[in-house]
Amino acid sequence: MKTNKLLFLLLFFLQFSCNSQSKKINGLSFVASPKHINSKHINPVLKAQSNYVALMPFGFIKKLSSPIINHNTDRQWFGETEKGIEQYAENLQKNGIRIMVKPHIWVYNGEFTGLIEMDSEKDWKVLEDSYQSFILTYAKSAQKMKAEIFCIGTELEYFVAKRPKYWQQLIKKIREVYKGKLTYASNWDEFKRVTFWGELDFIGVDAYFPLSDVKSPTVIDFENGWQPHKKEIIEIQKRYKRKVLFTEFGYRSVDFTGKKPWDFNRVIDNVNLQAQVNGLQAIHNQFWNEDWFAGGFIWKWFIDHEDSGGENDNRFTPQNKPAEELLRKLYAN
């Protein structure tokens, strides 16, 4: 009888361990703010059933051809700096929430970072040194806070494509100071051309794939739209034998949200709460049950929950919308 009981406990432990290891990353992109965070800002994250957040420090450049990245300065919002993400992480980790550190660059006039390109070899070298200083600052910070994942860059297609040797060397330097898992946040139409996936732990994709031209797409519309993209994702996953992580995913609560999901400029367009719900349901249907899929981070989550989103908001956040209720159910599974 005692042997049977011990066997039962062993089987239970093994099952629990396997389930824990197979748990998806149910993440939120935690937007930086000018202030410190406390339990008031963390409780909504817990209520959303999230087990990870992405913390996003920022560096700034003046234009697409500027080689200098300004970062970690007193002029930035607190949550965009080294001290800020460490304060955020400390409070989030106390509540059992894991961390991905995901540095971003912002071009002052809002131009797409994937188009950053230098005009001369001299400027490329300056950019490389500046970016190394920027990224190693946060790699060291990620190691200090014991963050589970570090993202080595976000949507930097031209920089990545035109300076391949630099990125190979940079990954080695990051590995020297940070011992956790590495990824890179490639744009949805960039991931197929990234050559260093084999040097990282996850294939990272900002998953704003065009899925439907319908004004108010159904779940089926979204899922049908996913099929050609999913096929390409699986091809890259098999080639590099790395799990896929959606470093960003999400939909605006707006008409035609599946047409160009990356488009954040249609400010005055009609609110469509159901289209956002349908998009989130479809992406979970298509990916969250796949063994090769690690999970993802929804774009985006503001720290002042009660003042964010709402039924009249047509932006990306799911907060205080039907999308948040759905997300809670999906992340709880």
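How many bridges join strand 7 to strand 8? Four bridges link strand 7 (residues 149-154) and strand 8 (residues 181-187), and the two run parallel. Strands here are DSSP runs of E with at least two residues, and helices are runs of H or I with at least four, numbered from the N terminus. Two strands pair if DSSP finds at least two bridges between them. Thr-154 has Ala-185 in strand 8 as its bridge partner.

This is a predicted model, where local features need pLDDT of at least 70, side-chain atom pairs count only at pLDDT 80 or more, and totals for chains, interfaces and linings use all residues. Residues are numbered from 1 along each chain as its sequence is written, and side-chain values use heavy atoms, with hydrogens and water left out.

Now the whole sheet. Eight strands form a closed barrel with parallel pairing, in the order 1-2-5-7-8-9-10-11. Neighbouring strands are turned by 25° against each other on average, direction ignored. Angles run from 0 to 180 degrees between N-to-C directions, with axes fitted to C-alpha atoms, for helices over the stretch in contact.

Helix 3 (residues 82-93) lies across strand 1 (25-30), strand 2 (52-55) and strand 5 (98-101). Its direction makes about 175° with strand 2. Helix 8 (residues 273-287) touches strand 10 (243-249) and strand 11 (293-301), at about 175° to strand 10. Contact means heavy atoms within 4.5 Å.

Next, the charged pairs. The structure holds 13 salt bridges, each a side-chain nitrogen of Lys or Arg within 4 Å of a carboxyl oxygen of Asp or Glu. One of them joins Arg-163 to Glu-121, with the closest N and O atoms 3.0 Å apart. Arg-163 sits in the loop between helix 5 (157-162) and helix 6 (164-177), and Glu-121 in helix 4, so the pair ties together parts 42 residues apart in sequence. Arg-163 is buried at 13% relative accessibility, whereas Glu-121 is partly exposed at 43%. Buried means under 20% relative accessible area, exposed over 50%, and partly exposed in between (1.4 Å probe, protein chains only).

Glu-232 and Lys-192 also meet in a salt bridge, at 3.5 Å from N to O. Glu-232 belongs to helix 7 (residues 219-240) and Lys-192 to the loop between strand 8 and strand 9 (202-206), 40 residues apart.

Arg-328 bridges to Glu-324, with 3.5 Å between the closest N and O atoms. Both lie in helix 9 (residues 322-332), four residues apart, about one turn of the helix.
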